[in-house]
Amino acid sequence: MPKQGVVKVPETPPVWDQDLMETIDKTIGPDFTDDPQVKKTGKLQGTRYKLTMSSKDSKIYPGVAPVKGALKQLEKLDEDHEYHVNTGGIMLFKCRASNAETPEISKPEAYKRQVEVFVPEGVDTSTPSPLMIFLDGAFFEMVGQTVAPWIRRLRKFCCCCGNAGGTFANSISFMNTMDNLFKAEQLKPMVCIFLDPGQGFLGSCIWGSQRNLEYDSLNNKFTDFVEQEVLPLVSEKCKVKLTTDPEQRAVMGMSSGGVAAITMGLTGRFKRILTSSPSCVNLGYPYTPQAQGAWDYHSGKELIKNGDKVEGLRVVVVSNELDMLYQSDVKHCLNWTAASLRMAKALKEKGYACLHIFAKQGIHIDERAMAQCFPEAVKWIWSDISPRTVLTDNFVADKIGQ
């Protein structure tokens, strides 16, 4: 019988091609252990800012949202498959895609974008500072700092709630973790920017949303938005100078945020990239003939293989064994596990420095996996070591501010 608990394990685990599995540098799970650096250890040493950006002030993204019933307008590619909801339980994911017959499913809609900034002690605000952007960051900080601790307390004091909250209970505060790494002198201080998409993380339909437009589009528009509208605002409101050196700029993203992080890296303007469950699948909208969304990065058009190489780019890919639609035939271009494995393979074959971490029984953007591997992964992208070097607990990333 499948193992009962936070994750429902299938009777027969998925099997992947050997050439994909050989790209894995490190396997974690199914029993995950939190890295000590993810635990909250007192007050933040630095200054935290909360900012709001309005769509009416943006020249690049005036704001869109899906129309009512948008999902029903998409082509059904496959049967609906079960997937693990991070808050607990099992739901059905509808295997859909846009096609030449898909009507307009996006409408104009204003938004408010949340941005949080952490300027740690040790940052010299008079000189250009290294920076790291966390996509969907304000949302995940809210979960890590507020929701997850509440769920963990519920589990502790209620014997009936041992699995309450699913993997959400393992969510970490990336802000606190970065602060811990700074205080331990394992990372040099940098400005940390926690950036939400215009529409927010949650929505009724992926396709046609503001987040879909920003994250799942394979062009430079979102990178331009960050450089022209986000970073100047942060610099002004937080009284800091931010570097323009690609070697000193990092981006982290999960799910579609992972695609956006990779796209930003491929522009050559941000050269340190960390992803978990990147949605390198076909979420493209509006429909483009012969295109398969971010699936084309590693398959189809093979954009990684056939594109120009960005010298100095370093990428972490955290792939999860039981990611969304891992049961789906790859011909539908909507299998997240296959996409992550193929993405790591494409990056390595192109000659990029790519650390591939595989989470056994991990689900989509598995919070348990990130609680174990994030400190190691973020130190790795800020170093110049090879993917299979074993990082000790006191490893110091030494490529910040150089």
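In what order do the nine strands of the open sheet lie? Here are some friendly notes on that and a few other features.

1. This is a predicted model, where local features need pLDDT of at least 70, side-chain atom pairs count only at pLDDT 80 or more, and totals for chains, interfaces and linings use all residues. Residues are numbered from 1 along each chain as its sequence is written, and side-chain values use heavy atoms, leaving out hydrogens and water.

2. The order is 1-15-14-13-12-10-11-9-2, with mixed pairing. Strands are DSSP runs of E, at least two residues, and helices are runs of H or I, at least four, numbered from the N terminus; two strands pair if DSSP finds at least two bridges between them. Strand 1 (26–28) and strand 2 (46–54) are the edges, each pairing on one side only.

3. Within the sheet, strand 10 (residues 131–135) runs parallel to strand 12 (residues 249–254), joined over four bridges. M132 has A250 in strand 12 as its bridge partner.

4. Helix 6 (residues 256–266) lies across strand 10, strand 12 and strand 13 (272–276), at about 155° to strand 12. Contact means heavy atoms within 4.5 Å; axes are lines fitted to C-alpha atoms, for helices over the stretch in contact, and angles run from 0 to 180 degrees between N-to-C directions.

5. Helix 3 (residues 174–183) is largely enclosed by the rest of the structure, because nine of its 10 residues are buried (under 20% relative accessible area, with a 1.4 Å probe and protein chains only). Among them are F174, M178 and F182. Just after helix 3, E185 takes a positive phi of about 60°.

Note on methods: Buried means under 20% relative accessible area, exposed over 50%, partly exposed in between (1.4 Å probe, protein chains only).
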